[in-house]
Amino acid sequence: MSCMSVLTRDEAQTRAKLLDVRRYTIDLDLTSGDETFDALTVIQFTARADADTFVELKPAELRSATLDGHPLDPGTLTGNRLPLTGLTAGDHELRVDAVMSYSRTGEGMHRFTDPTDGETYLYTQLFLDDVQRVFAAFDQPDLKAVFDLTVTAPDGWTVLANSVTEHLGDGRWKAAPTPLISTYLVAVAAGPWHSVRTEHRGLPFGLHCRRSLAAHLDADADELLDITRQCYDRYHEKFDEPYPFDSYDQAFVPEFNAGAMENPGLVTFRDEFVYRSAVTDTERQTRAMVIAHEMAHMWFGDLVTLRWWDDIWLNESFAEYMGYQTLTEATRFTDTWTDFGVVRKPWGYDADQRPSTHPVAPDAVDDTAAALLNFDGISYAKGASALRQLVTWLGEKDFLAGINTHFARHRFGNAALADFLDSLASATERDVHAWADAWLRTTGVDTLTPTVASAPDGTRTLTVTRAGQRPHRVAVGVYDQDLTDDDRLVLRERLHLDIPQDDPQPLGKAPALLVLNDGDLTYAKVRFDPRSADTVLTRLRALPEPLTRAVAWNALRDAVRDGELPAVRYLDTARDHLPHETDLALVQGVLAFAIGQITDRYLAPDRRPAALATLTGLCRDLIRRTEDGDNPGLRLIAVRHLVDVSAHPDAIAAWLADGTVPGGPELDPELRWRVLGRLAVLGATDEDTIAAELRRDPSATGQEGAARCRAALPDPDAKRRAWDAMFSTDDLSNYLFTATARGFWQPEQADLVQEYVPRYFKEAPALAARRGPAIAAAAGRFAFPAHAVDGETLRLGEKCLRKADPTPALRRKLIDELDDLARALKVRGHGSEGE
């Protein structure tokens, strides 16, 4: 079969003008073996004119196809396109009978057998153009249709779908016909699920997971259902349009590539969200945010769907913004914007400063391969930040009025940026089109810098200069030193400025600290005036609000990345202030940057031991602070990161032997694998110990832990086996590939793995071409030799981009990783790694 074709924007527009697709009747048989399943599809559609077109399908075997009862030649299937030639204007029926392949990469119909109990589970992930891996379809978002689904499954299985399913007997399951939805939103999940069911406002709610996770789901079911009900009720207060589907199931599925997927009525989540080990409250908040995000998609994306993939932001930016905002309003998680500021916004800032950046709303995305690359920090974090700024500028009342107009105008249909702006414009006198041009059609991050000047009367004035083009409405926090408490800064006032400014802003007496973008309501890098820069380094912990501290930490992070703040100064600042921090998201975010970027990449190898010692001392301080048991979440974060920065194995090896950290916590499966992984890096364990731990924990997560540990062993044979597993055999699932890649490259083992750096750039393009976008993305992100910060790695990568013709998914990851590598080299070259 020839290579697959991606769908272009022009082709989609031509087909949308030609066809009106009314109904899919789909019959799936999941009982035909471990490798394939059967898919019989009947599509009823109308052609508006005489023309030729095509339907997409990626079968293992095309048994037969008929158009209006007339057979089509299966041999005309070219790649993933079956031609439909000589169509006449009027109604038609296409019937396609095919054998389809199961996936091990989280694309199409993924098949997973649980190593704990041998049970098998299937689920679909049809985003963005993978419906054709499951059944024949006109695979584009603006050809919505009704989907009528029947599934034959093994005895003892439950079949879930977008709508309520009924067991007809003999393994036959029937789903109620859906409203009009897009092809990429069709969902099936089949297996011996453990389910928790309830009702809310007359609507069936369900939670589902693998049987081996049943006890862990049951332990959290009340929390999960409470969050679901609270978000559901809050959305009904915000939106005039009621929830548009007949049920709401949430299935936690194995080896899922994304965080979750917004299939109408059947949201699929990665089943790491069913916690089998201890987690922090911030991690519970993240799970709750994903629930809120996916539920927002029922309106933004499912009820009203983008017309083409250049409007990804109409789905993801809105769900991201609504998820955080609604969680803050409706649940116990009232500090979600701090987590957004310290975790999500840096994702957007980093992406927006790379060569691969793109506008939130690009003018045109040429094809589906290009579209898949835009599900990134721009479409999620930057887009949500832009919407937060829009609400600040527009006011929430007008914003929600515009949204509700949008839903009413386009319900069960498709819309583009222009349609949304027209809906917003109907609710306000502000020029939302000009705002969109400035915010959604441009790239890059503005930088805001304060200048404090002395007025003739001895008072001060503030002028904020902007490097960039966007208008900003920001708050400026003016802080004074508390004269009675050296460890407190007090907020004098919060100024509200429109940037660019018309005139300097009076300040009164000189403040100890000015924080631009206090409250984090805009999307921009911020800098400090000289006095404030000194204050923030020495008094950061004295800022009273965690969101303000998040803005300050992000400013320091940006300054390190831009070569303006020595990397070791950031570590020293963390050492000084983090032991006093109360917000878990901030502790986690600062430590993650300090370890993953500064210690592993921004500092030269000879400076790494001192950095690890600094972070070890910091983590020990946090552990000592939590000895009274009052903050188990903070203690857990400190223990995890102490494991990660341990340069000597003795202490953590003793934890593993004892099964506990002195004073707690006990080592649950996650911590045991984490400790064993670090011992493997340090050469303080072996294959026998890893195998014994896997016998202790034979779960899917245990399999991943063992793969990571084995790849991390500082042994030439272990490295060769891991490399062959990733790049030669093609047997690894998406999760086992990622686990192996995470273990393979280690800064401590640079000499041992040096020979594999040039091999990566030779072998990764072929791997990506063989195994498809999901593995390509994993190879580009996790298997990339990120530790090898040198000019030769950069040269090899640039040569690969020029000559190896990597697939789009791998090319995008390589561009991003090489830009990060070049930035790390610049940070080292600036001399800003140390003072």
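Predicted model: local features only at pLDDT ≥ 70, side-chain atom pairs only at ≥ 80, totals over all residues.
**Ground rules.** I number residues from 1 along each chain as its sequence is written, and side-chain values use heavy atoms, with hydrogens and water left out. Local features need pLDDT of at least 70 and side-chain atom pairs count only at pLDDT 80 or more, while totals for chains, interfaces and linings use all residues.

**Overall build.** I looked up the secondary structure and found 26 helices and 28 strands in the chain (DSSP runs numbered from the N terminus: helices are H or I of at least four residues, strands E of at least two). The radius of gyration is 27 Å, close to the 28 Å of the globule rule for 835 residues, so the chain is as compact as a globular protein of that length. That radius is taken over C-alpha atoms, and the rule is 2.2 Å times the number of residues to the power 0.38. The C-alpha atoms fill a box of roughly 90 × 70 × 55 Å along the principal axes. Buried residues make up 60% of the 835 (buried is under 20% relative accessible area, exposed over 50%, partly exposed in between; 1.4 Å probe, protein chains only).

**Salt bridges.** I searched the whole structure and got 66 (a side-chain nitrogen of Lys or Arg within 4 Å of a carboxyl oxygen of Asp or Glu). I then checked individual pairs.

- Lys174 and Asp148 meet at 2.3 Å, N to O. Lys174 is in strand 13 and Asp148 in strand 10, 26 residues apart. Asp148 is buried at 10% relative accessibility; Lys174 is partly exposed at 27%.
- Glu545 pairs with Arg494, with the closest N and O atoms 3.6 Å apart. Glu545 sits in the loop between helix 11 and helix 12 and Arg494 in strand 25, so the pair ties together parts 51 residues apart in sequence.
- Glu748 pairs with Arg678 at 2.8 Å between the closest N and O atoms. Glu748 is in the loop between helix 22 and helix 23 and Arg678 in helix 18, so this bridge ties parts 70 residues apart in sequence. Arg678 is buried at 7%.

I also noted one network: shared partners join Arg234, Glu237, Lys238, Glu329 and Glu396.

**Leu213.** I placed Leu213 in the loop between strand 16 and helix 2. At 7% relative accessibility, Leu213 counts as buried. Its C-alpha is 9.7 Å from that of Phe252, 39 residues away along the chain.

**Lys799.** I found Lys799 in helix 25. At 38% relative accessibility, Lys799 counts as partly exposed.
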